[in-house]
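Open the model in your viewer and keep the sequence beside it. The tour goes from one selection to the next and says what is found at each stop.

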Amino acid sequence: MKELLLKAKLLLTKLQEQVEPLRVSLVSRWNALLEKLSQINIPVVNKKLSPRTIGISILVLFALIVIICLKSCGKEIKQAPVPVTTALPLSQEVRSYATFDGIVDPYLTVNLDARVKGYLTKIGFADGAMVKKGDLLFVIEQDTYIQEVKLKQAIYTEAKSEYSRQRSLLKENATSQAAVDKALSQYQQSEANLTLAKINLGYTEIRAPFDGLMGKHLLDVGTYLDTTSKGVQLSTIQQISPIYVYFSINERDFLKFEKGVDQNAERKSEVNTLPVFVGLQGDTGYPHEGVLDYAANLISTETGSLQLRGIFKNEQYQLIPGLYARVMAQYGPPRQALLLPRTAVMTDQVGDYVYVLDAAKRAQRQDIVLGQNFAKYVEVSKGLTASSQVVINGFINLSINQLANPSQVTLEPITLR
């Protein structure tokens, strides 16, 4: 190892001895050149420069020449067109709408009460089941009331016969008018008592007053019902076809809608004419259609809102009382609008914008003004025309005036609820 280092040292020494005269010669010539140049009077500065200043100037000039040559000799790089997807704005008829939070409420709610005394002998429904009008729901023991009807029937029959006999005797002058009148009174009283007995017997059976949804039974079979003037509640039934949905509009939105009404035109109520649509959690859009059937006549000072109500057929019983409902109410006349996918719209400090392609297929920024959202689309109220080539995909890699390679698609119309 020592021998190898020694040989390398000897080789470097010889190389230095050979190069040194050349270095000394070059330095000597460089200094001589600078000395001659220093004797020249520069007209611009009107003085002679030192050899050091001249040397630095020459090196700087040489560096600038090298940089210029490198730039001028480099080849211009051309960017390939960026692949993008474009589409014409979707032109579709729409209507303005507003959305609200609502609650489903039954059309009718009735408490089923026992109106006569006795033991509860039968429950004819399952808790929470749908029942039809006239279905037997509860039975209270009937024996006492059946016998009461039979007793009143016998008295009625006897009184009717006696009244008929007294009328016949009066025609033969065999009785007095007072006896006839008394027989008539007893006949009418017995008839009324028979009717009351039949009514009380009818109260022992409680039937569904309409098609509806039953609640749970509140008393079990075998319970003695000692009724009061208010009766004893046995259960609750709700009519849910049709059904109501209640919602409210706040004061700010109410005033906004009022501004859109022609003050010179005849004011007409929207009740029973304005379409209302409802969607439950998990529903896509607003599949249930109804109509506004009630609007409060004043805004609540406690909540600052106006209560509204829509009525829905609910023939499939999909709307159940107590459910939260998304409500959409359309208003105003239909209008033709330009729609774009919401994913195609970008936003910065200036505002909303999209990229459009010009005739040369170069990307240009186009500022737009947005309107309402419609499902996956958004309305563009200003900034575009029906013939604008809008970039809807691939715009992330674009910049202004960049050449694009477009692939055009057609936007599909949508159902607006």
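A residue is called buried under 20% relative accessible area, exposed over 50%, and partly exposed in between (1.4 Å probe, protein chains only). This is a predicted model, in which local features need pLDDT of at least 70, side-chain atom pairs count only at pLDDT 80 or more, and totals for chains, interfaces and linings use all residues. Residues are numbered from 1 along each chain as its sequence is written, and side-chain values use heavy atoms, with hydrogens and water left out.

**The whole chain**

Begin with everything selected. The chain has five helices and 22 strands; helices (H or I, at least four residues) and strands (E, at least two) are DSSP runs, numbered from the N terminus. Of its 417 residues, 29% count as buried. The accessible surface, by the Shrake-Rupley method with a 1.4 Å probe and, for residues, only the protein chains shown as cover, comes to about 27600 Å². Carbon and sulfur atoms account for 55% of that surface. A contact means heavy atoms within 4.5 Å. Among contacts between residues at least 6 apart in sequence, 72% join residues at least 24 apart.

Select methionine 130, in strand E6 (residues 130–131). Methionine 130 counts as partly exposed because its relative accessibility is 34%.

**Strand E15 and its partners**

Next, select E15 (residues 324–341) together with E4 (residues 90–114); these strands run antiparallel and are joined by 13 bridges. Two strands pair if DSSP finds at least two bridges between them. Which residue of E15 is the bridge partner of threonine 99? The partner is methionine 328. Methionine 328 is also the bridge partner of phenylalanine 277. Strand E12 (residues 275–280) pairs with E15 in the antiparallel sense over five bridges. E20 pairs with E15 too, antiparallel and over four bridges, and there leucine 340 stands opposite valine 378.

**Glutamate 379**

Stay in E20 (residues 377–382) and select glutamate 379. Is glutamate 379 buried or exposed? At 9% relative accessibility, glutamate 379 counts as buried. Its side chain makes a polar contact of 2.9 Å with the side chain of arginine 335. A polar contact is a pair of N or O atoms within 3.5 Å; within protein, one must be able to donate a hydrogen and the other to accept it, and residues adjacent in sequence count only if both atoms are side-chain atoms.

**Glutamine 92**

Move to glutamine 92 in strand E4. With a relative accessible area of 12%, glutamine 92 is buried. Its side chain reaches the backbone oxygen of isoleucine 414 at 2.8 Å. Residues touched by glutamine 92, leaving out those up to four places away in sequence, include Arg335, Gln336 and Pro413.

**Leucine 234**

End at leucine 234 in strand E11 (residues 232–250). Leucine 234 is buried, at 0% relative accessible area. Leucine 112 lies 122 residues away along the chain, yet the two C-alpha atoms are separated by 5.6 Å. Beyond four places in sequence, the contacts of leucine 234 include Leu112, Phe138, Ile206 and Leu225.
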